[in-house]
Amino acid sequence: MAPDSEEDDDWTKYADTGYATSYDPWADLVPTTEIEEEEFDDDFDEFDDVEQSRRDVPRCPAPSGIEHAIRIGTCNHCLGRIAGVRIAGDPLQEVGGRVRDQALQRDPDVKPNDDIECCPFCENLFLELDIIANRIVSSVEGIEFSKVQLGIHFSKDHVAAEEVLRSTVAATGCRPLKATLSDAIQSTVAERLPGINWVKERPEVMLLFDTLTLGVNADIRALFLYGRYRKLERGIPQTRWPCRACRGRDGGCESCNGTGQQYPHSIQSLVCEPLIESIGASSDAFHGMGREDIDVRCLGDGRPFVAELKSPTRRTLDLEKLMNSINKAAKNRIEIHGLRHSNRAEVSRIKETQAEKSYTIRFTCEHELADEELTNRIQSLSGQVLEQQTPQRVAHRRADKIRKRKVVSIENILIEDQEIQFDVRCESGTYVKELVHSDEGRTNPSVAGLLETDCEVISLDVKDIHAD
Ligand SMILES: [Zn+2]
Ligand SMILES: [Zn+2]
């Protein structure tokens, strides 16, 4: 199976990718810069100006490099980052402050040039840590979460300019701006929100910070719950079904009593509405392992589903209690069991699973066959491969083609005069009603064909879904 695709959006590409990733071709030239410059000056007259200027700039951790960094306005955070003297554990701005003090002791005149407006590395982002942290904290106010991921978006120009500057001024091996800023933001926020965990994948809240606007966007990830439902009453669709007359717009119409829904209940509404209320979610999606027709019950162990609850404000759930209240409210219509936490990957799994299913089907037909002959004819379908042309009842939404589906077994044939019932296990995607009435010959073979008479389906139940 494909890896969890929960984090399949654009945010992750902004996420902190860790330690220095770019190879610096000038790094090994640094210690001997001056000698090489003297030697090469005459020979490389045509040498590119930018390349040349790189050689003229002294680099950290040389004292002249640190003085240069101070003159161009490097802030203490960035000085601590680029000076190449970092002492593990100390905050960067303290390290930078010490580096600056030492430079001043060597030369009291070392200070930023007069025309400097901001730190050329970070554009003063490190001075905004308080503001950034405050915005993050207020963006998640009232939201229950522990796992949070931070993504930082820089302008391309800023990233490029900082790269160039770093490769000419900073000590070799200096951490990139994004990783350093990310760490600084994370520790500042953690002081204000004790108990949160910064993660690199599967967050409950994804934060995106934009360095241009200082804007923060909090994406609260959906909560997924897996369970199985049994549908005890016919006439309930699996998902919400907008009213045919008003399409659910403008607060409904007369024919739907203002509900906007074609049917008063759906499995989705019966399962998800109590969940939404309980966890303070904004909306839901309902993912079933296939679906039964509206007039078909689903019995046995029930049908697997995943409920997706969007933008939840609470995540601590008493699943047993929730399940009980769902079942109580939906009494005699549906019931669910086995509720547990899930994820987006499981949505794909249950959508892709081609489970065999068992049904109980009951139909009526006019026949004059002896019970044994009738039983034998129906039983002969067991193990056969059906050719099913797209049924007329779904032709408006499915491509018209012939599908081959296997009847795995037929059991428990029951004959009560003109009413006949049997259990059938078949491949996923079999049209079971058509297996009986033949859809005017579009399904072959069929019960109607074998009995040489018309058959009318009375009822159909899903008896079991052979999954998990
Ligand atoms: Zn800076
Ligand atoms: Zn309506």
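## Strand pairing and sheet order

Within β2, Asn197 is the bridge partner of Lys147. The strands β1 (residues 147–153) and β2 run parallel to each other and pair over 2 bridges; strands count as paired when DSSP finds at least two bridges between them. Helices (H or I, at least four residues) and strands (E, at least two) are DSSP runs, numbered from the N terminus.

The model is predicted: local features need pLDDT of at least 70, side-chain atom pairs count only at pLDDT 80 or more, and totals for chains, interfaces and linings use all residues. Residues are numbered from 1 along each chain as its sequence is written, while chains are lettered from A and ligands numbered from 1 in the order in which they are written.

The open sheet comprises 4 strands in the order β2-β1-β3-β4, with mixed pairing. Its edges are β2 (197–198) and β4, each with a single partner strand, so one side of each has no neighbour in the sheet.

## Helices on the sheet

Helix α6 packs on the sheet through β3 and β4, and its direction makes about 30° with that of β4. Helix α8 also packs on the sheet, touching β1, β2 and β3, with its direction at about 140° to that of β1. Contact requires C-beta atoms, placed from the backbone, within 7 Å; angles run from 0 to 180 degrees between N-to-C directions, with axes fitted to C-alpha atoms, for helices over the stretch in contact.

Ile132, Ala133 and Ile136 are buried in α6 (residues 129–139). Seen down the helix axis, the buried residues of α6 fall within an arc of 95°, so they line one face; the arc is that of the directions from the axis to the C-beta atoms. These buried residues pack against α8 (177–192), β3 (205–210) and β4 (215–220).

Asp130, Ile131 and Ser138 are exposed on the face of α6 turned away from its buried side. A residue is buried if 20 or more other C-beta atoms lie within 10 Å of its own, exposed if 12 or fewer, and partly exposed in between, with C-beta atoms placed from the backbone.

Note on methods
Two residues are in contact if their C-beta atoms, placed from the backbone, lie within 7 Å.
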